[in-house]
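Hi everyone, thanks for coming. I'd like to walk you through one chain today, starting with its surface and then going to a few single residues. Here it is on the screen.

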Amino acid sequence: MVHKRRSRRNYGYLCSSSYDDSMAADVKSRKRWSPTHDRWMVDGNIQWYIKRDQVIAQTAVITFPFIQMVQMPHGGAVPNLRFVDTLLSCDLDTAPDYKFQNPNAVSTVCTVHSDLSGVPLSKFVLKKNSDGRKYYKVPFDMTMTIVDEVIKFELKYQGESYGVVTTRFDEQ
C-alpha cells in the first residue's frame, strides 16, 4: 500500500530574475538591460515549483505564475499574446538556480503553448518604459493538475480559464 507519493525530480520553468549586486560572479557576468522592465536582469533562472522528494498528493494542483511583457506594436496592430514555455526537470537533490550553472543536469519535460489572444487588451496594464515605448504587462497562471499518472495544464487569467493550452512532450 502506498502511503506517500514523492516527486522523483525537481520541476520548474525558466524565467528572468532581477539583477542584484550580491549575486554570485557567474550570475553577475550574465546581466543584461531589459527595456521592458527598465532594469538589469539575468536570464536562465529556473523557478523550481516541485522539489525532488517533495510529498505529492494523489491529486495535486500546482500553480505557476507568469508575467510576460508584450511590446505594443506600431500602427495599431494586435500584439502577439501567444507564448511558449518549457517545463524543465532535474534529478539532482539540489537543483541549480540557473540553467547555465549545470546545463547537463536540466532536461526538457514538455513545451507548453499558451494563447491569451481571447482576452481583451483592456484587461492588461499598459506600461511605458524610460524610452517612451509602451508595453502590456500580461500576468497569468499555468495550473498543472496531476491525477495519478496524468498531467493536465490549464491557462488561467484572473482566476478564469482562458485561451488554449496545449503540450508537446519531447523525446528524451
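The chain exposes about 10500 Å², and carbon and sulfur atoms supply 48% of that area. Accessible areas here come from the Shrake-Rupley method with a 1.4 Å probe, and for residues only the protein chains shown count as cover. Please keep in mind that this is a predicted model, where local features need pLDDT of at least 70, side-chain atom pairs count only at pLDDT 80 or more, and totals for chains, interfaces and linings use all residues. Residues are numbered from 1 along each chain as its sequence is written, and side-chain values use heavy atoms, with hydrogens and water left out.

How much of the chain is buried? Of its 172 residues, 36% count as buried. Buried means under 20% relative accessible area, exposed means over 50%, and partly exposed is in between, with a 1.4 Å probe and protein chains only.

Now the overall layout. There are one helix and 13 strands, and from the N terminus the order is β-β-α-β-β-β-β-β-β-β-β-β-β-β. Helices (H or I, at least four residues) and strands (E, at least two) are DSSP runs, numbered from the N terminus. Along the principal axes, the C-alpha atoms fill a box of roughly 60 × 40 × 25 Å. If you take contacts between residues at least 6 apart in sequence, 69% of them join residues at least 24 apart. A contact is a pair with heavy atoms within 4.5 Å.

On to charge. The chain carries 23 positive and 19 negative side chains, and the centres of the two sets lie 4 Å apart. Lys and Arg count as positive, Asp and Glu as negative, while His and the chain ends are not counted. Each charge is placed at NZ of Lys, CZ of Arg, CG of Asp or CD of Glu.

How many salt bridges does the structure hold? There are six, a salt bridge being a side-chain nitrogen of Lys or Arg within 4 Å of a carboxyl oxygen of Asp or Glu. Let me show you some of them.

One of them joins Asp53 and Arg6, at 3.9 Å from N to O. Asp53 sits in the loop between β4 (39–50) and β5 (55–56) and Arg6 in strand β1 (residues 5–6), so this pair ties together parts that are 47 residues apart in sequence. Both partners are partly exposed, Asp53 with a relative accessible area of 48% and Arg6 with 38%.

Another pairs Arg9 with Asp91, whose closest N and O atoms are 2.7 Å apart. Because Arg9 is in the loop between β1 and β2 (10–18) and Asp91 in the loop between β7 (82–90) and β8 (106–115), the pair ties together parts 82 residues apart in sequence. Arg9 is partly exposed at 30% relative accessibility, and Asp91 is partly exposed at 41%.

Then there is Asp115 with Arg82, with 3.3 Å between the closest N and O atoms. This pair links distant parts of the chain, with Asp115 in strand β8 and Arg82 in strand β7, 33 residues apart. Asp115 is buried, with a relative accessible area of 17%, whereas Arg82 counts as exposed at 52%.

Let's turn to Ser34. Is Ser34 buried or exposed? Ser34 is buried, with a relative accessible area of 1%, and belongs to strand β3 (residues 31–34). Its side chain makes a polar contact with the side chain of His37 at 3.0 Å. A polar contact is a pair of N or O atoms within 3.5 Å; within protein, one must be able to donate a hydrogen and the other to accept it, and residues adjacent in sequence count only if both atoms are side-chain atoms. Not counting residues up to four places away in sequence, Ser34 touches Arg39 and Met41.

Asp141 is in strand β10 (residues 134–147) and is partly exposed at 28% relative accessibility. Leaving aside neighbours within four places in sequence, Asp141 contacts Thr63, Phe64, Pro65, Glu154, Leu155 and Lys156.

Last, a bit of backbone. Asp38, in the loop between β3 and β4, has a phi near 55 degrees, a positive value in a residue other than glycine. Gln158, in the loop between β11 (150–157) and β12 (160–161), also has a positive phi, about 50 degrees, although it is not a glycine. Asp38 is partly exposed, with a relative accessible area of 29%, and Gln158 is exposed, with 60%.
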